[in-house]
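My entries follow in the order in which I made them.

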Amino acid sequence: IRGWEAWKRGEKIILRRRVEEAERLERLKFEKVQKAKGLVEFIYYQGNEKWGTPEQVKTWKEIEVGLHNNFKNLNPFEFEEFVAKLFQKMDYKTRNNRKTGDYGCDVVAWKGDDRIAIQCKKNAEGNLVGNRVVQQTLGSMHKIKANKSLIVTTSDFTPMAIDQARGAPIELWDKRDLHKMVRKYFIET
């Protein structure tokens with residue numbers, strides 16, 4: 001009886017391998033047909049896939065990351081996490097600071113000798129970031145030993161904020177800058 005059970009197990013293993021090989025070949029054939037049509041695979045939420053033209057896939061990626069609606073689907077803390085992910089795609093290591101009492105720095109990003117204090121402002125269109133945020137972010141640099149700072153917003157900056165930043169070790173990324181970087185590191189890759 002033991003020999004019979006071992007033989008049956010062996011037969012099941014062989015059958016399973018044949019089925020897996022047939023499925024693999026069928027998958028390769030399917031992918032070849034899709035690519036011949038000029039379609040590209042898009043893997044989205046929880047590993048699901050769909051195929052579309054390169055333009056469709058680009059649009060789907062923009063929707064997936066929230067670019068199509070200027071990140072309205074993210075709350076401010078999720079936006080901070082998203083900015084940290086953006087910097088990780090830029091080969092930085094990151095750390096998110098606590099949600100309150102962050103001293104004007106939501107994310108710390110570092111690569112080599114470069115250490116950046118990043119303040120994230122998820123503002124509605126027209127709700128501009130002012131010079132006080134620039135001052136706070138510049139002040140946070142000492143606390144985390146940063147050599148530069150950055151404010152990232154989904155809106156824009158007041159003229160006073162832009163003037164306050166001039167000549168200081170700080171960059172201001174408005175909505176256009178943010179969208180450009182997201183396209184570069186999330187969409188076009």
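**Entry 1**

I began with Trp173, which counts as buried at 8% relative accessibility. My cut-offs were these: buried is under 20% relative accessible area, exposed is over 50%, and partly exposed is in between, with a 1.4 Å probe and protein chains only. I noted that this is a predicted model, in which local features need pLDDT of at least 70, side-chain atom pairs count only at pLDDT 80 or more, and totals for chains, interfaces and linings use all residues. I also noted that residues are numbered from 1 along each chain as its sequence is written, and that side-chain values use heavy atoms, with hydrogens and water left out.

Next I looked up Phe87, which is buried with a relative accessible area of 2%.

I then counted ring pairs and found eight aromatic pairs in the structure. The rule I used takes rings of Phe, Tyr and Trp (its six-membered ring) as a pair if their centres lie within 6.5 Å; planes under 30 degrees apart are stacked, over 60 edge-to-face, and the rest tilted. For Phe87 and Tyr92 I read 5.4 Å between the ring centres and 70° between the planes, so I logged the pair as edge-to-face. Phe87 and Tyr92 are both buried.

Phe87 also pairs with Trp173; this pair is stacked, at 5.6 Å centre to centre with 15° between the planes. Phe87 belongs to helix H3 (residues 76-89) and Trp173 to strand S7 (residues 170-173), so this pair ties together parts that are 86 residues apart in sequence. Helices (H or I, at least four residues) and strands (E, at least two) are DSSP runs, numbered from the N terminus.

I found Phe71, Phe79, Phe82 and Phe186 linked into a cluster by ring pairs. Phe71 is placed in the loop between H2 and H3, and at 0% relative accessibility it counts as buried. I also noted that phi of Phe71 is near 65°, a positive value in a residue other than glycine.

Over which rings does the charged end of Lys50 sit? I found it over the ring of Tyr44, 5.2 Å from the centre, and over the ring of Trp60, 4.2 Å from the centre. A charge sits over a ring here if NZ of Lys or CZ of Arg is within 6 Å of the ring centre and within 35 degrees of the ring normal.

**Entry 1: helices packing on H6**

I took H3 against helix H6 (residues 175-187): they pack at an angle of about 55°, with their axes 10 Å apart. Axes are lines fitted to C-alpha atoms, for helices over the stretch in contact, and angles run from 0 to 180 degrees between N-to-C directions. H3 and H6 are therefore oblique to each other. For these words, under 35 degrees is roughly parallel, over 145 roughly antiparallel, 65 to 115 roughly perpendicular, and the rest oblique.

From H3, Phe79, Phe82, Lys85, Leu86 and Lys89 meet Leu178, Met181, Val182, Tyr185 and Phe186 of H6. I set contact at heavy atoms within 4.5 Å.

I then turned to helix H2 (residues 54-65), whose axis comes within 11 Å of that of H6 and crosses at roughly 115°. That makes H2 roughly perpendicular to H6. Here Lys58, Lys61, Glu62 and Val65 in H2 meet Val182, Arg183, Phe186 and Ile187 in H6.

**Entry 2: Ala117 and Ser140**

I placed Ala117 in strand S5 (residues 114-121) and Ser140 in helix H4 (residues 131-144). Ala117 counts as buried at 0% relative accessibility, and Ser140 counts as buried at 1%.

Leaving aside neighbours within four places in sequence, I listed the contacts of Ala117, among them Cys105, Val107, Ser140 and Ile144.

Is Gln34 buried or exposed? I logged it as buried, at 10% relative accessibility. Gln34 lies in helix H1 (residues 2-36), and beyond its neighbours within four places in sequence it is in contact with Leu39 and Trp51.

Last, I checked Asp91, in the loop between H3 and strand S3 (93-96). Asp91 counts as exposed at 59% relative accessibility, and has a positive phi of about 70° although it is not a glycine.
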